[in-house]
Structures are given as structure tokens and as C-alpha cells.
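The paragraphs below move from the whole chain to its parts.

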Amino acid sequence: MRKNIVAGNWKMHKTQKETVALLEEIIAQQTNTNAELIVAPTFVNLAKAVEITQGKGITVAAQNMHQAEGGAFTGEIAASMLTDIGVNTVILGHSERRAYFHESDALLASKVDTALKHDMRVIFCFGEELKDRQNDNHFNVVEYQLRDGLFHIDKKDWTNIVLAYEPVWAIGTGETASPDQAQEMHKFIRTLVEKVYGFDIADALTILYGGSVKPENAKEIFSKPDVDGGLIGGAALKAADFIAIAKGF
Ligand code: PEP
């Protein structure tokens, strides 16, 4: 059975005090959501977030991690440091990491390997830029991002993979892919996974949509058969909006 997930990527927002306040609001408001709730605060607030959400049915995820086991990588965070504090889910390949920090598909493939080696769940992000869609090249771009970043993994590891299709032109722009555009791409992705890994893996795979999801549009997007939830940026920073989105299921 496919799992519905609503994940909030908090990016470089919220001090520790603000993190605590937002989590307390989310915990207070979270009743009756038919989706797993995931929050991804900044690295420095992860341990506090794990402490506060203990036993509350909310998963804490990291926004990134380094591919090496450890060593002389100033400013970086290793998988074992995350699992050690109870963070077992990591977002990899967000378009901001790809664009501003030059994370390539090959680099992401090695991050995925490291995360899986540590039995972490990976929320793997990918999606085309506006020019790709305008040139009718969006299916190709998405296919190559998946083939080069992810399709080397073993069949058994797919239980630890969540996909997040995030068209770059819809992230933080207020532009949303229409529910039909999201469904069309999600169907394409599921079919691609099926071709390479078989029906059972494709059918069980959770595929999130990300890009300006708000309380007003979540329900319609989530009603599409191949959309299993959302990766939420801006709207995840307000508890009421985040929970209203999750109630879109
Ligand atoms: C994101 O950053 O993953 C995202 C989807 O942002 P927003 O919801 O603000 O478009």
C-alpha cells in the first residue's frame, strides 16, 4: 500500500526558538491527517526537533548530507551524525542544492548510496527547469535525472526511496503545475520505474509533488491517482497552512 506523505522543507528558516514554536503548533493541530508528516528544519535544530516530536507521529528529516563517511570536509554533515541523533530521513537533490551548490546527478548518486548504506530513507528531488518545459524536453530531463541519480540502486532499496517531482519553475514562484500536469509527469515517472524495476516497486512507490502547494490547491493536486503527497516549502512555515495541506487527503 502506497503511503501518503506531506513533507515540509524549512530551508534556511527558523531559529531554535522559532523551530520549537512551529513544531508545538504543528503537534497541537495535527489531528486527523491521513498522511505521514515530515518536517525538515536546519541542521542545528534537528536534535531539538527530534526531542520535541518524540512519540508525536511526526518524522524529522535533514535537508542534505555529505556522501563521505567522515573526514576533512569542513562544514559538512555525515549520515552517521544524523542517524546518531535520530534523524533517519534525508532530502537529497533539491533544486536549490543542484543550482546553488552545483550538486550533479553523479554526486547525488553517491549521496543516495551513502544514505541507503546507513538505512536512511531518501526523499529524492528532481524536476525540469522552465526552458525544458518550454522546449518540450521535460520528460527527457526527468528521465535522465532519475537514471543518473537513482536507477543504479538495488531493487531491495526502493522501500527507502520517496520521489519528489518538483518542477523548478514552480518552486517558490507562486506558479503551480496544474493537477493534470502533475499527474501526467507522475504517471510518466511511475511507468519509468516500472519499466526498470517492475510493477510491484512502481506501484508501492510514494511520489510527492512540490512547487507552490498551498491549502487552496492541495486537495485537487492530491486527488490525482499518481500524486501521493507533497514536498512543501513556503507554506510549511505556517502550522495552519501545513496542516491544512495535509488535510487535503
Ligand atoms: C520546495 O522548496 O521544495 C518547494 C516546493 O517550495 P515552495 O512550496 O515554496 O514552492
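**A walk through the model**

The lining of the largest pocket has 7 nonpolar, 5 polar and 3 charged residues. The model is a predicted one, and the space in this largest pocket comes to about 450 Å³. Its lining is made up of 15 residues, and those nearest the centre are Lys 11, Met 12, Gln 63, Arg 97 and Phe 101. Helix H4, which covers residues 95–100, gives the largest share of the lining, with 3 residues. Two of the residues nearest the centre of the pocket, Arg 97 and Phe 101, also meet each other: Arg 97 lies over the face of Phe 101, at 4.0 Å from the ring centre.

The protein chain has 11 helices and 8 strands. Its radius of gyration is 17 Å, close to the 18 Å that the globule rule gives for 249 residues, so the chain is as compact as a globular protein of that length. Along the principal axes, the C-alpha trace spans about 45 × 45 × 35 Å. Of the 249 residues, 55% count as buried.

Lys 11, already met in the pocket lining, sits in the loop between strand E1 (5–9) and helix H1 (16–29). Most residues other than glycine have a negative phi. Lys 11 is not a glycine, yet its phi is positive, at about 50°. Its relative accessible area is 18%, and because buried means under 20%, Lys 11 counts as buried. Lys 14 is found in the loop between E1 and H1, and it too has a positive phi, of about 85°, although it is not a glycine. Is Lys 14 buried or partly exposed? With a relative accessible area of 27%, Lys 14 is partly exposed.

Thr 19 is buried, with a relative accessible area of 1%. Along the sequence, Thr 19 and Leu 46 are 27 residues apart, while their C-alpha atoms are 9.3 Å apart in space.

Aromatic rings give another way to read the fold. A pair of aromatic rings is described by the distance of the centres and the angle of the planes. The structure holds 8 aromatic pairs. In one of them, the ring centres of Tyr 165 and Tyr 209 are 6.3 Å apart and the planes stand at 55°, so this pair is tilted. Tyr 165 belongs to strand E6 (residues 161–165) and Tyr 209 to strand E7 (residues 206–210), so the pair ties together parts that are 44 residues apart in sequence. Both tyrosines, Tyr 165 and Tyr 209, are buried. Ring pairs also link Tyr 165 and Tyr 209 with Phe 124 and Phe 126 into a cluster.

The last stop is Leu 205, in the loop between helix H9 (199–204) and E7. Leu 205 counts as buried, at 1% relative accessibility. How far apart are the C-alpha atoms of Leu 205 and Asn 160? These two residues are 45 residues apart along the chain, and their C-alpha atoms are separated by 9.5 Å.

Terms used:
Residues numbered from 1 in each chain as written. Predicted model: local features only at pLDDT ≥ 70, side-chain atom pairs only at ≥ 80, totals over all residues. Heavy atoms only, no water. 1 Å grid on protein atoms, 1.4 Å probe; cavity = no way out; pocket = protein on both sides within 12 Å on 5 of 7 lines; lining within 4 Å. Points joined across faces, edges and corners; volume = space filled by probe spheres on them. Helix = DSSP H or I, 4+ residues; strand = E, 2+ residues; numbered from the N terminus. Nonpolar A, V, L, I, M, F, W, Y, C, P; charged D, E, K, R; others polar. Phe/Tyr/Trp six-rings, centres within 6.5 Å; stacked < 30°, edge-to-face > 60°. Buried < 20%, exposed > 50% of the residue type's maximum accessible area, 1.4 Å probe, protein only. Lys NZ or Arg CZ within 6 Å of the ring centre and 35° of its normal. Rg over C-alpha atoms; globule rule 2.2 N^0.38 Å.
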